[in-house]
Number of protein chains: 2
Amino acid sequence: MRVITVKQPGGAEQLQLSERPKPELKSGELLIKVKAAAINRTDIINRQTSSGYLDFDVLGIEVAGIVESAGNDTGIKPGTKVMGLVNGGGYAEYAVMPADRAMIIPDNLSFEEAAAIPEVFLTAYQTLFWLGELKDKETVLIHAGGSGVGTAAIQLARQLADAHILTTAGSSQKLDFCKSLGADTTINYKEQDFDKEVLAATDQYGAAVILDFIGASYYRKNLNSIQTDGRWILIGLLGGAHLENINLMELMSKRVQWKATLLTPRSDHYKAELTADFAGRALPLFEQNKLKPIIDKVFPMEEVQDAHRRMESNQNIGKIILKMDESD
Amino acid sequence: MRVITVKQPGGAEQLQLSERPKPELKSGELLIKVKAAAINRTDIINRQTSSGYLDFDVLGIEVAGIVESAGNDTGIKPGTKVMGLVNGGGYAEYAVMPADRAMIIPDNLSFEEAAAIPEVFLTAYQTLFWLGELKDKETVLIHAGGSGVGTAAIQLARQLADAHILTTAGSSQKLDFCKSLGADTTINYKEQDFDKEVLAATDQYGAAVILDFIGASYYRKNLNSIQTDGRWILIGLLGGAHLENINLMELMSKRVQWKATLLTPRSDHYKAELTADFAGRALPLFEQNKLKPIIDKVFPMEEVQDAHRRMESNQNIGKIILKMDESD
């Protein structure tokens, strides 16, 4: 089968089409004929460093497609249309997926749309509800509102918690889009001090939950923006990892809960539980068009280099999708 | 009535016996004839700074005594023996307590023993279970094992979670006592690197929950000691507040949940809910002598200066109690 591999750690030019044998099905797994896969930042990091967590030498952690064959123990029939997280090997014509992670694709969604769901919606769900413990009507600050996780988080916070949603992004185009998804207050971080805007929009009260993809460079402003007893979820370090100094008394006096997380390296068991919880609450809302996958652009498999470059230049609003070849 | 007040912010010598009118009972409150109160570090900070959160100019946040009078809405009869947290004013012959925070004193406990329960057991319960989410058989690292909260936490972790309990303290006397309460592994932080001992005792796995009273000076060793997905509860800064050169990637890669907390400044509602949850699970264990209040020493009200000095010199194992005058 055709797959995308990394020639050697480096830039997008290292991505190339290769041939690999079809993966072998193990107990509890599905073999999936992949119709679409999505690009994630973790793929870029793997491409640059090769220091990832892949069983395969093929990138890609989420797919949508058709079940080709399934273990007897899975309860899922060949021909079923599924989407979900895989443990690497997603940029390929065939991929294996633990069956307890497969979600049935709602009838109203294409494969490209379905491939845009698992990673960002599961991450947004995990950070907002499992870690952020977002309650009805609470205030949430979602950074990088135009990103894949950002666009998912805005929709989930709107639909599942009727939250007061504040979001940051770097262009008016992205901010307008965030508003169309349900954000109440949008902040251009290039033109405004987001902490001042958050406090102004919340009677100086601040946000109960912050989704922080940025890390070090936003530390002070996030601390200013968080409520007493707020949950501050660190899920990315786009603004650096190095903090020169912290005064723990500031964290104590606000009783901050600072939770660092990543989804991809977590256990199969965790992913299965998260998938089940998410599917039960969110899939019906996709069927009703209350939640929607946000696709930035679809690239054919052969143009994977351009797909990576687009994400690296932060041009995208929503997900970048790879469409697998239809030739076989 | 006689009370203890602070002449001016400063050392223990500023504590003095004074006269104040009995506090007035408001709706939902109990007026308590105080038999015993306990000393807490927050009292010492208030004495030093007067920057506290007291409605009264009288120190003290927990008492045990007899209900003298009660609002109709409380459902508690005069004559009932109760213990619990008060919003200041505990070092006094009479104190008011929100009724939803009063716990009935088990028959097998004296007033001095009862006064040794609320603050440290509620704090230990909150940090282990509400914030630390300690599950059955998990590993917990309890610093300052000989302190009031430490001795309570060791017992609760043993009785309610059958946890693998590691504890640090600065003397073999304290460590032996921690063992008698149920600690599995004891570490003298003055003689051993506690992180190495924690890793050695856990197959290099580390602790799922850390109770950290120390802050900055233990940061590196606590980070070394914590498991992936561990909950690190910051409840004191005895080792300083100022941290330099933090690498957020280290917190991310272990998916650390770092939660800062304090009990005393929390809302009445929070304290009522915590009290109800704790009382339901833990009071029967006090009746069965499976949990016991740990008293270091009982001082008469008039010797409050010595009581404070004893805590400030870290001589105590368990709680320091003030016994109120029996004369009226």
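## Contact between chain B and chain A

In this predicted model, chain B and chain A each bring 30 residues to their contact. About 2600 Å² is buried between the two chains, and carbon and sulfur atoms give 65% of that area. On the side of chain B, the residues that lose the most area to chain A are B:Leu248, B:Met252 and B:Arg255, which together make up 28% of what that side buries.

Two salt bridges are found across the interface of chain B and chain A. A salt bridge joins the side chains of B:Arg266 and A:Asp229, with a distance of 3.1 Å from N to O. The interface of chain B and chain A also holds twelve residue pairs in polar contact, both residues being at pLDDT 80 or more. Several elements of chain B each supply at least two residues of the side that touches chain A: strand E12 (226–234), strand E13 (242–247), helix H8 (248–253) and strand E14 (257–260). E13(B) accounts for the largest share of that side, with six residues. By residue class, the side of chain B that touches chain A divides into 17 nonpolar, eight polar and five charged residues.

## Relation of the two copies

Two copies of a chain are related by a rotation about an axis and a shift along it. Here, chain B is superposed on chain A by a rotation of 180° with 0.0 Å of shift along the axis, at an RMSD of 0.1 Å. That is the relation of a two-fold axis.

Through which surface do the copies meet? Of the interface residues of chain B, 100% are also interface residues in chain A, so the copies meet through the same surface.

## Domains of chain A

The domain assignment divides chain A into domain 1 (2–117 + 294–323) and domain 2 (120–260). Their contact takes eleven residues from domain 1 of chain A and 13 residues from domain 2 of chain A. The centres of domain 1 of chain A and domain 2 of chain A, taken over C-alpha atoms, are separated by 28 Å.

Between them, domain 1 of chain A and domain 2 of chain A bury about 930 Å², with 68% of this area on carbon and sulfur atoms. Three residues, A:Ile117, A:Ile294 and A:Ile317, supply 54% of the area that domain 1 of chain A buries against domain 2 of chain A, more than any other three residues. Three residue pairs are in polar contact between domain 1 of chain A and domain 2 of chain A, with both residues at pLDDT 80 or more. The side of domain 1 of chain A that touches domain 2 of chain A consists of six nonpolar, three polar and two charged residues.

## Salt bridges and a loop contact

Over all chains, the whole structure contains 38 salt bridges. One of the salt bridges is formed by the side chains of A:Lys22 and A:Glu68, at 3.9 Å from N to O. This pair links distant parts of the chain, the two residues being 46 residues apart. A:Lys22 lies in the loop between strand E2 (15–19) and strand E3 (29–38) of chain A, whereas A:Glu68 belongs to strand E4 (residues 62–70) of chain A.

A:Gly10 is placed in the loop between strand E1 (2–6) and E2 of chain A. Which residues does A:Gly10 touch, not counting residues up to four places away in sequence? On that basis, A:Gly10 touches A:Arg47 and A:Gln48. The C-alpha atoms of A:Gly10 and A:Ser50 are 8.8 Å apart in space, while the two residues are 40 residues apart in sequence.

Notes: Residues are numbered from 1 along each chain as its sequence is written. Chains are lettered from A and ligands numbered from 1 in the order in which they are written. This is a predicted model: local features need pLDDT of at least 70, side-chain atom pairs count only at pLDDT 80 or more; totals for chains, interfaces and linings use all residues. Side-chain values use heavy atoms; hydrogens and water are left out. Domain bounds come from an automatic or database domain assignment. Contact means heavy atoms within 4.5 Å. Buried area is the accessible area (1.4 Å probe) that two parts lose on being put together, summed over both. A polar contact is a pair of N or O atoms within 3.5 Å; within protein, one must be able to donate a hydrogen and the other to accept it, and residues adjacent in sequence count only if both atoms are side-chain atoms. Ala, Val, Leu, Ile, Met, Phe, Trp, Tyr, Cys and Pro count as nonpolar, Asp, Glu, Lys and Arg as charged, and the others, Gly among them, as polar. Copies are superposed by least squares on the C-alpha atoms of residues with pLDDT of at least 70 in both. A salt bridge is a side-chain nitrogen of Lys or Arg within 4 Å of a carboxyl oxygen of Asp or Glu. Helices (H or I, at least four residues) and strands (E, at least two) are DSSP runs, numbered from the N terminus.
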